[in-house]
Amino acid sequence: MKKAVGLIEVFGMATAYYAADAACKAGDVTIEAFDRNKPPNADELPVPLLIMIKIRGSVADVEAGVEAAARAAEEIAGVHAKYVIANPSDDMEKFLKISCL
């Protein structure tokens, strides 16, 4: 059975570490990867570097992890986006293995 994936994009690396720690403590999830993204409008953002945290686990654990990560990230620099994919397709699985760090 495939694992669900949680994606949460936060502002800055310190925020990402703090959010990832909160996600792992909130549910039985593992960190799949961290990705970085410096968008074209970076100078307009609170922190000019976005970090995507990818977590894996059961749907319920991933949902709990993403919510905990979002709350933790809001304490520091904030959340840009978050999403849970309950049943990623085989093609999506290929992309989820990519890390841009």
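Predicted model: local features only at pLDDT ≥ 70, side-chain atom pairs only at ≥ 80, totals over all residues.

Reader: Is Arg56 buried or exposed?
Author: Arg56 counts as buried, at 7% relative accessibility. Buried means under 20% relative accessible area, exposed is over 50%, and partly exposed is in between (1.4 Å probe, protein chains only). Residues are numbered from 1 along each chain as its sequence is written, and side-chain values use heavy atoms, with hydrogens and water left out.

Reader: OK, what does Arg56 meet in a salt bridge?
Author: Glu32, at 3.7 Å from N to O. A salt bridge here is a side-chain nitrogen of Lys or Arg within 4 Å of a carboxyl oxygen of Asp or Glu. Arg56 sits in strand 3 (residues 50–57) and Glu32 in strand 2 (residues 30–37), so the pair ties together parts 24 residues apart in sequence. Strands (E, at least two residues) and helices (H or I, at least four) are DSSP runs, numbered from the N terminus. Glu32 is partly exposed, at 32%.

Reader: Which salt bridge does Asp35 form?
Author: Asp35 pairs with Lys54, and their closest N and O atoms are 2.9 Å apart.

Reader: How many salt bridges does the structure hold?
Author: 5. Among them is Asp21 with Lys25, at 2.8 Å between the closest N and O atoms. Those two are 4 residues apart in helix 1, so about one helical turn separates them. Asp21 is partly exposed at 37%, whereas Lys25 is exposed at 66%.

Reader: Switching topic: how do helix 1 and helix 2 cross?
Author: The axes of helix 1 (residues 13–26) and helix 2 (residues 59–76) come within 7 Å and cross at roughly 145°. Axes are lines fitted to C-alpha atoms over the stretch in contact, with angles from 0 to 180 degrees between N-to-C directions.

Reader: And which residues meet there?
Author: From helix 1 they include Ala14, Tyr18 and Ala22, and from helix 2 they include Gly65, Ala68 and Ile76. Contact means heavy atoms within 4.5 Å.

Reader: Last one: where does Ile98 lie?
Author: Ile98 is in the segment after helix 3 (90–96). Its relative accessible area is 42%, so Ile98 is partly exposed.
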